[in-house]
Structure formats: C-alpha cells, structure tokens
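Hi everyone, thanks for coming. Let me put the structure up on the screen, and then I'll walk you through it.

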Amino acid sequence: MAAQPPPARPRIPGSGLAKGLAVTLRTMTRKSVTEQYPDVQPDLAPRTRGVIGLFEENCTVCMLCARECPDWCIYIDSHKETVPPAAPGGRERSRNVLDRFAIDFSLCMYCGICIEVCPFDALFWSPEFEYAETDIRDLTHERDKLREWMWTVPAPPALDPAAEEPKELAAARKAADKLAAEQAEELAAGQAAEPAAKPAAGQATEPAAGQQAARPETGPAPKEGES
C-alpha cells in the first residue's frame, strides 16, 4: 500500500502579499549606496576587462592574435629588415619590424583570445574603460594609444603559497642543483688529491737509492802546500 502524502497546510489568505510588502519595507529602510562617478573612480575588480594594452617591444609580428581573433578587429602591418651578422663571417638575417598595430573596439567582444594566444606576452588587459567616442570610426585605436594603456595594466597577483611550482622553474632548479652537486664533487676530489702530491710540512724529502749511491763522497778542501 503506497504511503499517503502529508496533508497540505492551509494557506493563509494574503500571505504572499505580506511577504512582498516585507521585502519592499526592508529595501526602503536600507541605506542606498550611490557611486559619485565621474568625480570618484569606481573600484574595479583585478581581472577587469577594460581595453587591451600593447607592449610593443615584445611583439614579433607573428600574426597569431590577428588570425585567432573571431571578430577580425586587429590590424597589423609590418616590413622586413636585414640584420647584419653579429660576428665576422656570419650570414645576414631578416626580421619583422612592426609598422602598425590597431584594434577596432567597435568590433571587439573582449573575449581575450588574442591575449591568450600571444606567445611573447605583448598584449595585456587594462582596467581603463573611458574611451567612448562620438564617432564610431574613432574607436579604432592605433599602437600609440594601446601603448599608453599598457602602463595602466595592474601587476600580476602573487602566487598562492600552496600552489604547485611552475614546470619551467622546477626544471631550471633541478638542472642548477645537479650542476652545483657536480662542481662540489670535483672540488672535493681535487682537495683530496692535494695532500698525496705534497709532502707534509717539516718532513725532508729522502733522495732515491740510485741518486745517493752515485753521489761522490767529498772530504774537506786541502790546504795550500798540501798535495
């Protein structure tokens, strides 16, 4: 036999209205917080996505950001220059030189893909958000403006003490410890070989048997008139 559900509690007429009025009363008596913008700047979250700053020195014109952008809002122009050889007899090399780096923020959807795929850390999020324009065509900002936003990029947060060490640092530390151990072993072996090669202090060295037998015995020098 199936268990019978418990009987429903009788609903008091007007309870829903009373609950709604209670919420309204709590909201009316709560002190409101008004941001005095633009006189007082708001406190933004550390990971705020405002605009994208460009660190031009790190850009190698690899075009990864422009190719991976889903909105195609990044425009890059460059040319090649020949670099003379660093040493005599070497060969010349060519490198890419950045001519233009622009982002059309009227198309950007702030997905951050360009920042993630940049292999040389040339793009960063800046919390700046006051870049509205009266003309939509002015929302395409060139590399000079992107570089100005770069100096407003906040410092990265400190690592969690309980987090795992990055693999790059662990590998570098392991290689450095191995090299230090090898140098310590070589130094200890060199110090152990020095006492065996040098005689102890205050101890005269004895000539070999053959050298002692071959040395003639000389007496005192003869005086004048003696044969």
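Among contacts between residues at least 6 apart in sequence, what share join residues at least 24 apart? In this protein the share is 72%, where a contact means heavy atoms within 4.5 Å.

A quick word on the ground rules. This is a predicted model, so local features need pLDDT of at least 70 and side-chain atom pairs count only at pLDDT 80 or more, while totals for chains, interfaces and linings use all residues. Residues are numbered from 1 along each chain as its sequence is written, and side-chain values use heavy atoms, with hydrogens and water left out.

Now the overall layout. The protein has 6 helices and 5 strands; these are DSSP runs numbered from the N terminus, with helices being H or I of at least four residues and strands being E of at least two. Starting at the N terminus, the order of elements is α-β-α-β-β-α-β-β-α-α-α. Of the 227 residues, 15% are buried, meaning under 20% relative accessible area, with exposed being over 50% and partly exposed in between (1.4 Å probe, protein chains only).

Let's go to the sheet. It is open and antiparallel, with 3 strands in the order S2-S3-S5; two strands pair if DSSP finds at least two bridges between them. S2 and S3 are joined by 10 bridges, and one example is Glu 81 with its partner Arg 95 in S3. S3 and S5 pair over 2 bridges: Asp 104 has Thr 140 as its bridge partner in S5, and Ile 103 stands opposite His 141.

Let me stay with His 141 for a moment. This residue sits in strand S5 (residues 140-141). Is His 141 buried or exposed? It counts as buried, because its relative accessibility is 8%. Beyond its neighbours within four places in sequence, His 141 contacts Phe 101, Ala 102, Ile 103, Phe 105, Tyr 131, Glu 133, Leu 146 and Trp 149.

Some of those names come back when we look at the rings. The whole structure holds 7 aromatic pairs, counted when ring centres of Phe, Tyr or Trp (its six-membered ring) lie within 6.5 Å; planes under 30 degrees apart are stacked, over 60 edge-to-face and the rest tilted. Phe 105 and Tyr 131 make a tilted pair, because their ring centres are 5.4 Å apart and their planes meet at 55°. Phe 105 is in the loop between strand S3 (93-104) and helix H3 (113-117), and Tyr 131 is in the loop between strand S4 (123-126) and S5, so the pair ties together parts 26 residues apart in sequence. Both Phe 105 and Tyr 131 are buried. Ring pairs also connect Phe 105, Tyr 110, Trp 125, Tyr 131 and Trp 149 as a cluster.

Trp 125 takes us to my last stop, the lining of the largest pocket. Among its 16 lining residues, those closest to the centre are Pro 46, Arg 47, Trp 125, Pro 154 and Pro 157. S4 gives the largest share of the lining, 4 residues. By class, the lining has 11 nonpolar, 2 polar and 3 charged residues; Ala, Val, Leu, Ile, Met, Phe, Trp, Tyr, Cys and Pro count as nonpolar, Asp, Glu, Lys and Arg as charged, and the others, Gly among them, as polar. A pocket here is an open set of points on a 1 Å grid over the protein atoms alone where a 1.4 Å probe fits, with protein on both sides within 12 Å along at least five of seven lines, and lining residues have an atom within 4 Å of a point.

Thanks, and I'm happy to go back to any view.
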